[in-house]
Amino acid sequence: MGDIADFGCGYGTFSVPAAQMAAGTVHAFDVEPEMVDATRRAARQCGLTNVVARQRDFVAAGTGLPEASVDHAMLHNILHAEEPVVLLSEAFRILSPGGTLSIMHWIHDPKTPRGPSMSIRPRPEQCAAWAQTAGFSIVIPHIGLPPYHYGVLAQKTA
């Protein structure tokens, strides 16, 4: 896989493993400067040079990446945001034709140890519907990621 975009990189939990497998650059975005610094440190500790972490309000301003410039976009534990379709539409814009989108979120179970409140926690079918609204085709509508998460895989078809 070539370039990847990570929306809401946090501590680099997903950016770093993705960079270890990617042939291209992982563009890691977060609105919090502390999270961007944490991702940079995590990448450096693993000897990675293909992680570019940037502080950016990608909900309000997009990623700033060119259209059709990445092969994969990761929206992990972030679609509880106020405007999920805006995030998904930006992912669709920057993905190349045939590019893939992975969505991961906390299951709708109050016993999960962290995550957003149940009132805003999306279910897999809701995430898939939002992705379709943004233009994606759903490849796998529900991937079990026990004990606390699920995933959805979508694609930008040509």
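**Ground rules.** I am working with a predicted model, in which local features need pLDDT of at least 70 and side-chain atom pairs count only at pLDDT 80 or more, while totals for chains, interfaces and linings use all residues. Residues are numbered from 1 along each chain as its sequence is written, and side-chain values use heavy atoms, with hydrogens and water left out. Helices (H or I, at least four residues) and strands (E, at least two) are DSSP runs numbered from the N terminus.

A68 is not a glycine, yet its phi is positive, about 55°. I noted A68 as partly exposed because its relative accessibility is 37%; buried means under 20% relative accessible area, exposed over 50%, and partly exposed in between (1.4 Å probe, protein chains only). N77 also has a positive phi, about 60°, without being a glycine. I located N77 in the loop between strand 4 and helix 4, and at 17% relative accessibility N77 counts as buried. I then checked P146 and P147, which are joined by a cis peptide bond with omega of about 10°. P147 sits in the loop between strand 6 (137-145) and strand 7 (149-155).

**Helix 4 against helix 5.** I looked up how helix 4 (residues 84-94) packs on helix 5 (residues 124-133): the angle is about 55° and the axes are 8 Å apart. Here axes are lines fitted to C-alpha atoms, for helices over the stretch in contact, and angles run from 0 to 180 degrees between N-to-C directions. That angle makes helix 4 oblique to helix 5; under 35 degrees counts as roughly parallel, over 145 as roughly antiparallel, 65 to 115 as roughly perpendicular, and the rest as oblique. Which residues make the contact? I listed P84, V85 and L88 from helix 4, with W130, A131 and T133 from helix 5, contact meaning heavy atoms within 4.5 Å.

**The buried side of helix 4.** I found P84, L87, L88, E90, A91 and I94 buried in helix 4. They cover an arc of only 155° around the axis, so they lie on the same side of helix 4; the arc is that of the directions from the helix axis to the C-beta atoms. Among the elements covering these buried residues I noted strand 1 (4-7), strand 5 (95-106) and helix 5.

T133 lies in helix 5 and counts as exposed, at 59% relative accessibility. From T133 to I94 I read 39 residues in sequence and 16 Å in space, C-alpha to C-alpha.
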